[in-house]
Amino acid sequence: MTSVPIPIPSRTQFVLDAIKHRILTGQLTPGQALVETELAAQFGVSKTPVREALKTLAGTGLVVMSQYKGVTVRMVDADMAREVYDVRLLLEPEALRRSVRRGALLDAARDALTRADAAADTAERSLANREFHRALYLPCGNPLLSRMLDEVRDQAALVSAVAWATDPSWDREAAEHREILRLALDGDADGAARALHAHIASFVERAFPSDTAPHPEEGHR
C-alpha cells in the first residue's frame, strides 16, 4: 500500500501545534533557541514547514526572530506580563458579563474545570485552564471581542507557564475558577465579571509584583 504524502500546509500546522504545545506547557523555556534543522529532524519534516510555523509563532508573540540570535522562545518579564494581562483585564470580564447576560450555558467551562481537577500533569492542567477561560468569553455574542482575546490567549498562557514553574498556585486558582463559574451559572453577570477581574489581577500581581506595591507588613506598621 502506497503512503500518501502529507500536504505542506498540514505539515506546517502539525509542526506549529507541536511547538506551541511545548512552549505553553513549559517544555520549551523562554530564551531557548529554536533551530530549524533540529526541529525538522525531530518532527520528520523538511525545514520549510518548520520555517513557516516559526513565522506564524512570531506573529502571535510566542517566539522572537532576530537576525543575530536566530529564533528563540519569547522571554517573559514583568512589563510583558502586565501588558498582556492589562488587555485581559480590560476585555475578558466584559466578555464574561455579556456571556452571562445572553444566558450562555457554559457547559464547556464546567467540563474544562473537571479536566483540570483530574489532570495528571502540568501540561494537561495548563491546557484545561486555557479552555476554561476561553469557554467563558467565547459565547459573548461579539466575534471581534472573542478574536481579540484569542490573540492574547497564547501570550497569557506563556506568562502563566513561567509563573507556575516558580510558584505553582493551582489550588488557589481552581477555587477562584469554581467561584467565577458559580456566579456565572447563577446569572450574576456583574458578580462573575468582578470575580474574574480579581482573579486575573491577583495572578499577575503575585507572579510579577509591581515595584509600587506595599510590602505585606507595611499595613501593620
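By the rule used here (a side-chain nitrogen of Lys or Arg within 4 Å of a carboxyl oxygen of Asp or Glu), the count comes to 17 salt bridges. This is a predicted model: local features need pLDDT of at least 70, side-chain atom pairs count only at pLDDT 80 or more, and totals for chains, interfaces and linings use all residues. Residues are numbered from 1 along each chain as its sequence is written, and side-chain values use heavy atoms, without hydrogens and water.

**Exercise 1.** Find the partner of Arg88 and state whether Arg88 is buried or exposed.

*Solution.* 
- Partner: Arg88 forms a salt bridge with Glu92, with the closest N and O atoms 2.8 Å apart.
- Place: both lie in helix 4, four residues apart, about one turn of the helix. Helices are DSSP runs (H or I, at least four residues), numbered from the N terminus.
- Cover: buried means under 20% relative accessible area, exposed over 50%, partly exposed in between (1.4 Å probe, protein chains only). Arg88 has 9%, so Arg88 is buried. Glu92 has 2%, so Glu92 is buried too.

**Exercise 2.** Which parts does the salt bridge between Asp190 and Arg101 tie together?

*Solution.* 
- Contact: the closest N and O atoms of Asp190 and Arg101 are 3.1 Å apart.
- Span: Asp190 lies in helix 9 (residues 189–207) and Arg101 in helix 4, so the pair ties together parts that are 89 residues apart in sequence.
- Cover: Asp190 is partly exposed at 34% relative accessibility. Arg101 is exposed at 55%.

**Exercise 3.** Locate the salt bridge of Asp107.

*Solution.* 
- Partner: Asp107 meets Arg110 at 2.9 Å, N to O.
- Place: both lie in helix 5 (residues 107–117), three residues apart.

Note on methods:
Helices (H or I, at least four residues) and strands (E, at least two) are DSSP runs, numbered from the N terminus.
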